[in-house]
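Biologist: Please show me the model. Then let us go through how some of its parts pack.

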Amino acid sequence: MLTPELEAFIVRMPKVELHLHLEGTIMPRTLLELAQRNHVEIPARDIEGVEQLFRYRNFGEFLTVYMALVRAIVYGEDFERLAYEAGIMLAGQQVRYAEVMLSPMQHLLRGMDMHEALAGTIAGFRRVERETGLLVRLGLDYGRQYGPELAWQVLEIAQATMSQGVVAWSIGGNEIGHPPEPFAEVFAAASNAGLRLMAHAGEVVGPTSVWGAVEALRVERLGHGIRSVEDPALVTYLREKQVVLDVCPTSNLRTGAAESWQRHPLRMLYDAGICVTLNTDDPTFFHTTLIDEYRKAVCYFGFNADDLCRLVLNAISAAFLPPPEQALLLRRVTRELTALRSELGV
Ligand code: ADE
Ligand code: ZN
């Protein structure tokens, strides 16, 4: 039950977000301003019109809206603004560490300079770090529908920006008809270069997609992975190999990846002993915030204060940070959680 004390705890507790697309954080007002300034046609004229677009019957519709709107983001300074606004939004929710993905293909195919986009993004998050202390690391999320051949040039960009905070390599986009296996070589090369590995899998496709991501791509973390519940052997495998599931419940409800809150498998995966983290995915497009996800964990999944702390600690243990930085974050967050729990009596 969401008592006033637990509500206060959720709002004030230190948090970590590991599955967040920068483009999916764009505020409707910013989107309209960028579209106008950059002379990009988008299918909305005002904030109400933008909000109307955020209703999808399925994952494909979500992706179509997403691709249509992100075209408004064109220049390095646009990415800098997005990163700054996203960082301030996260810091305001007491997020202490975040990993943020960019999806380069949709920008590259419009002729954008990804180095300019990344330089802007990095500058925006550096400013946030100076102003709030929020630490951000980046990942590149390659759209699997573009096929493995074009992924190599995106991997080169990832490698070239590792010294500036790019730490992860991932595939996302349309899982249907685009299994993980053809990306095995690209993932092996990314790992050899020192990048950490993730993949969107088990979001709209079942266990075969998750098996492919863990066995052929050797990922440490799965974006969503919720359909793993359909295969008990896979659940055992994920627990034993300590593969992390970055779960985004509201996203799953909004895209139709989950039928209802009652049928969403977050609780089952958590109770099965899998290392689960809680995330927003694309907060603007799914009308959510990280604080809301924590509220829903209580209201729809019966999580208590111990469980909420576990979700945060899971995210720290799954963070793609060097061990000393990870240990520092763990000490700081543990201290904050303990003090807050005793203050609020939760
Ligand atoms: N890109 C942005 N959000 C995504 C999601 N939920 N799944 C796959 N690709 C995405
Ligand atoms: Zn995602």
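Modeller: First, a definition: axes are lines fitted to C-alpha atoms, for helices over the stretch in contact, and angles run from 0 to 180 degrees between N-to-C directions. This is a predicted model, where local features need pLDDT of at least 70 and side-chain atom pairs count only at pLDDT 80 or more, while totals for chains, interfaces and linings use all residues. Residues are numbered from 1 along each chain as its sequence is written, chains are lettered from A and ligands numbered from 1 in the order written, and side-chain values use heavy atoms, without hydrogens and water.

Biologist: How are α1 and α15 oriented to each other?

Modeller: Helix α1 (residues 4-12) and helix α15 (residues 305-318) have axes that come within 11 Å and cross at roughly 10 degrees. Angles under 35 degrees count as roughly parallel. Therefore α1 and α15 are roughly parallel.

Biologist: Which residues of α15 meet α1?

Modeller: Contact means heavy atoms within 4.5 Å. From α1 come Leu6, Phe9 and Ile10; their partners in α15 are Ala305, Leu308 and Cys309.

Biologist: What is the handedness of the crossing of α8 and α9?

Modeller: The axes of α8 (residues 151-160) and α9 (residues 184-192) cross at roughly 15 degrees. A crossing is right-handed if the near helix is turned clockwise from the far one by less than a right angle. For α8 and α9 it is right-handed.

Biologist: Is glutamate 99 buried or exposed?

Modeller: Glutamate 99 is in strand β2 (residues 95-102). Buried means under 20% relative accessible area, exposed over 50%. At 4%, glutamate 99 is buried.

How values were computed. Helix = DSSP H or I, 4+ residues; strand = E, 2+ residues; numbered from the N terminus. Buried < 20%, exposed > 50% of the residue type's maximum accessible area, 1.4 Å probe, protein only. Parallel < 35°, antiparallel > 145°, perpendicular 65-115°, else oblique.
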